[in-house]
Amino acid sequence: MSQEYPRFAVVGHPNKGKSSIVSTLAHDESVHISTLPGTTTKQRSYPLKVDGVTLYALYDTPGFQRARAILSWLKQEETPAHKRVDRVKKFIYEHRDNPRYQDEIELLEPIINGAGIIYVVDGSKPYGVEYEAEMQILLWTGQPSMALINLIDTTDYVAEWKMALGQHFQMVRLFNPMQANFAQHITLLESMAQLKEEWTELVKESIKIFKLYQQQKITYSSELITTLIIDSLSLTLTSSIKGTQATKAQELQLTQEYKQKLRLLEEEAHHTLAKIWNHLLLEKSSQLLLLENIDLFSKESETLFGLSKQELIATGVAGGALTGSGVDLMLAGSSLMLGSTLGAVIGGAGALFGYKEVAQLKILGHKLGHKYIQVGPIQHANFPYILLKRVLYYTQEIANRPHANRAKITMDSSLIQKEFTLETKTKKTLDKMHILLQKGDRPKEKLVEEYKQLIYQILIDRVE
Amino acid sequence: MSSSLLKTYIDLYQLIKTQDQTHEESRRFGLAHSNLLTNPIELLDAWRRSQLHLLPHPSYSKRIEDILFRVTTLSFILSFLFGIFSGMGLLYYNGDAPINLLYFLTLVSFVPIITMVFTLLAILSANKSKNILISISPTYWIEKIVRHFSTKEIEIYYNPLISNWLLLKRSLLLGIIFSFAILIVLLVSVLTKDIAFSWSTTLQITPQEFHTLLLAIALPWQELVPQAVPSLELIQKSQYFRLGNMLNSQLLDNTMLLGEWWKFLAMSTIVYALLLRIALFGFISWGYKRALYHSILLLGKDILYQMQEPLVSTQALTKETPLSPSQEAEVPTTKSLQQSYPYVIGWAIDESTIQLHNQREAIETAIIYQAGGNNSLEEDQEIIDTIHTTALLYVKSWEPPTMDFIDFLMDLSSKSSVILYPLGTIENHYMPTDEEFAIWERKVSLLKNDTIRMKR
Ligand SMILES: Nc1nc2c(ncn2[C@@H]2O[C@H](COP(=O)(O)OP(=O)(O)OP(=O)(O)O)[C@@H](O)[C@H]2O)c(=O)[nH]1
Ligand SMILES: [Mg+2]
């Protein structure tokens, strides 16, 4: 069973981007990539698993080091074509402990175990005869094979490579692991599906899974972004004060804390996004969320019973409090057992008498006249968009980033704001929620769902 | 389902807020319970049960159930007592004057109808968080106060979808208990004493008009219990006028007849204050259950998604052996070349290119060799065999040095000194880039062989 799924060994000359290709195809940022040849020393498998079942596996391998020596060993005996793979197996068997051929043994092993060959060359450098020995060896294995031309540099020798590779490989394709987007990845998988008839089905299945995987990531991202927006826009910090006015120092400290908290929320969201997209090692040259010109003190409010002023008036607790004591309140309640409209009268009275007086009252021995200063929610109309565009931009960058490309992500504010222009229709729905949150209300689940859906749409369009 | 839906909801809420569930864990659970995948509520409940041990004691659900129990007991007792007292007050009869049945009738038919209309209105807006009609309910207040004395963190209860329905349901139950108490008082009063009912009003209502009204009230049972439908005669005879302390003499004559009213009053209580409320109670229970289902699904949406979505992984399962730190070392380099070398060798470079470079560098040589590339190893060996003194060795700087080359270089350097000249591409005017040169330099330096120098 375990032998059934298709395998593909990515092989080639040293330092031509084999590991880069594997990293991008497997969405794995842990693959060692370096400018130094000989970085990869052991074969390593990258299975695509769905619920624990492997659909196919990629193998990263070291580059050829002594191809001519091996080819000459293979050719020492006259071998008919149908026996050549056995000759290769014999080579591996006989040289397993020979350190001279460790790299070749590592790279040939998956192939003689049935892996298809993905041969990687650098199409930005001229073709050379020194490649011929290794291509010969690959032919001896008799496995299905394709060549991938990777363009490491801007120079172009693709034409001559195609001529040479076409003689040894079933298929020749171009693939750039540093720039490949999702669509190109899928196209490559489609080519791989054609390599061998028995594999087609499973590789096609893998393509479906990759698409599903991508959707899952976008779903998770839109959930996360929505949560970030809700948490940030509804963020409040309070601190109780003595007397009637807060001191400047107190205000300053609270705003500092508030900014800190906002940035932390964003930082955490970015981290989780990086995790969703398997890009945890990626660095970010970040421009901090700038909050300098935004008024953080939106409203000053006192609380009673842990409820906000609005809530109090709406629910009528204030009304109850007006009658003087909670016990009264309870009795008033039970005398209305049948549900008369008197309750509404009491409740409404709270709104009539206003809130200030109520806040001074003592209820059931709890002093409720405490004063608080509160920072947030930020009322600034553009603030939600500053936040949203930043996180969308980050998601877009990280989602489109092939895993071989490990350059920093730059969060340039002016660029970010320019990058995203949202449609009026989209904005309207977004606004609905922003306004609610900024008022200090909790949005309904349905609205949150709608918001999430919009973010999903925006991301789908921007993640190729 | 073994436990109540409310408990399921609250436990789920607490689990989801406090427990971080990875996709992998959820999916594993989903696959292990694949028979439930089409029944999300059951699936979530199964998951809840599997996670219960993670909740701190007492759990939210335990605490909330405790609060609810206290509230329920307290309000049921109050409501029952209140019903008893109200009934006793309304049916208070000392034989001086008959009881005006209008008060009682109002309490057992008009008030229930009005409150139920309010309840219906409240149902329409039951899903709103700020529901003024809900805050009318006494249960609301009792709970608020009880909550104040218990724990604050049970914000869960703020879910209007559930708490509103729950409040409605329990308010209605209070009404039922209250009415039941009144009914008991009525029946007990009728059994234990003789009561005379009468009716009187300041309004100008003729007995005929009053009869019509009462017939309308009695409509639901006029077929089933005709005895409980007051006749016009009864109405006429029990109209009561208070003129000073004088009692209507006709009224006194009919005391026995006036007792007949109790049947009508009892039926009104049963039908309006009880049956109608019970029906509404049934409807609200259904609505409550639906709201709970809805809330549970909403709450468990993400975790259900994780349970249902296949778990995909693409990465390597093993850690890659860490990179060995690169030992940088310098190799003696030379900037200038001699005018002539006895041997010039090109590694995988064809003869015309070698000649081109010789011309470029104005180098004279007697012998040009091509090594590597398509040569066999024997051919390379033959080249080495002929060489002594110094050799200039051209290599392609952009191709990394393979061990194949290193083998050759080692053999060569044992026979002669070697000037290794990495050539760049045409685009770079045959100059190696710094990086390319560094790669070659590093490789050569590892050989620790001082017969090799590099041309830069
Ligand atoms: N600009 C650019 N650089 C690339 C590309 N592909 C590979 N590289 C670079 O080429 C170098 C070698 O890449 P690797 O993926 O480590 O090559 P490899 O074939 O696995 O190398 P070994 O394991 O040493 O045999 C790294 O510095 C990569 O960043 C590409 O498409 N564009
Ligand atoms: Mg590698």
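The following legends describe close-up views of a predicted model.

**View 1. The magnesium ion (ligand 2) and its protein donors in chain A.** A:Ser19 belongs to helix 1 (residues 18-25) of chain A, while A:Thr40 sits in the loop between helix 1 and strand 2 (44-50) of chain A, so the pair ties together parts that are 21 residues apart in sequence. A:Ser19 has a relative accessible area of 9% and is buried. A:Thr40 is likewise buried, with a relative accessible area of 9%.

**View 2. The surroundings of ligand 1.** Ligand 1 is surrounded by 22 residues, and the closest are A:Ser19, A:Ser20, A:Gly38, A:Thr40 and A:Asn150. From A:Asn150, a polar side-chain atom lies 2.8 Å from an oxygen atom of ligand 1. A:Asn15 places a backbone N or O atom 3.1 Å from an oxygen atom of ligand 1. A polar backbone atom of A:Ile152 is 3.1 Å from a nitrogen atom of the ligand.

**View 3. The second largest cavity, lined by residues of chains A and B.** At least two lining residues come from each of helix 2 (67-75) and helix 5 (132-141) of chain A, and from each of strand 7 (389-396) and helix 17 (403-415) of chain B. By class, ten of the lining residues are nonpolar, five are polar and seven are charged.

**View 4. A:Glu130 and its contact with chain B.** A:Glu130 is located in the loop between strand 4 (116-122) and helix 5 of chain A. With a relative accessibility of 15%, this residue counts as buried. The side chains of A:Glu130 and B:Lys396 are joined by a polar contact of 3.1 Å.

**View 5. A cis peptide bond in chain B.** The bond between B:His57 and B:Pro58 is cis, with omega at about -10 degrees. B:Pro58 lies in the loop between helix 3 (40-51) and helix 4 (60-90) of chain B.

**View 6. Positive phi angles at B:His429 and B:Lys448.** B:His429 is not a glycine, although its phi is positive at about 55 degrees. This histidine is placed in the loop between strand 8 (416-423) and helix 18 (434-447) of chain B, and at 62% relative accessibility B:His429 counts as exposed. B:Lys448, also a residue other than glycine, has a positive phi near 50 degrees. B:Lys448 occupies the loop between helix 18 and strand 9 (452-455) of chain B and is exposed, with a relative accessible area of 72%.

**View 7. Two prolines in loops of chain B, B:Pro310 and B:Pro322.** B:Pro310 is found in the loop between helix 14 (301-308) and strand 3 of chain B, and it is buried, with a relative accessible area of 18%. B:Pro322 lies in the loop between strand 3 (312-313) and strand 4 (333-334) of chain B and is exposed, at a relative accessible area of 70%. The C-alpha atoms of B:Pro310 and B:Gly89, 221 residues apart in sequence, are 68 Å apart in space. For B:Pro322 and B:Ser268, 54 residues apart along the chain, the C-alpha separation is 87 Å.

Methods. Residues numbered from 1 in each chain as written. Chains lettered and ligands numbered in written order. Predicted model: local features only at pLDDT ≥ 70, side-chain atom pairs only at ≥ 80, totals over all residues. Heavy atoms only, no water. Donors = N, O, S within 2.8 Å, 3.2 Å for Na, K, Ca; no water. Helix = DSSP H or I, 4+ residues; strand = E, 2+ residues; numbered from the N terminus. Buried < 20%, exposed > 50% of the residue type's maximum accessible area, 1.4 Å probe, protein only. Nonpolar A, V, L, I, M, F, W, Y, C, P; charged D, E, K, R; others polar. Near = heavy atom within 4 Å. Polar contact = N/O pair within 3.5 Å; in protein donor to acceptor, adjacent residues only side chain to side chain.
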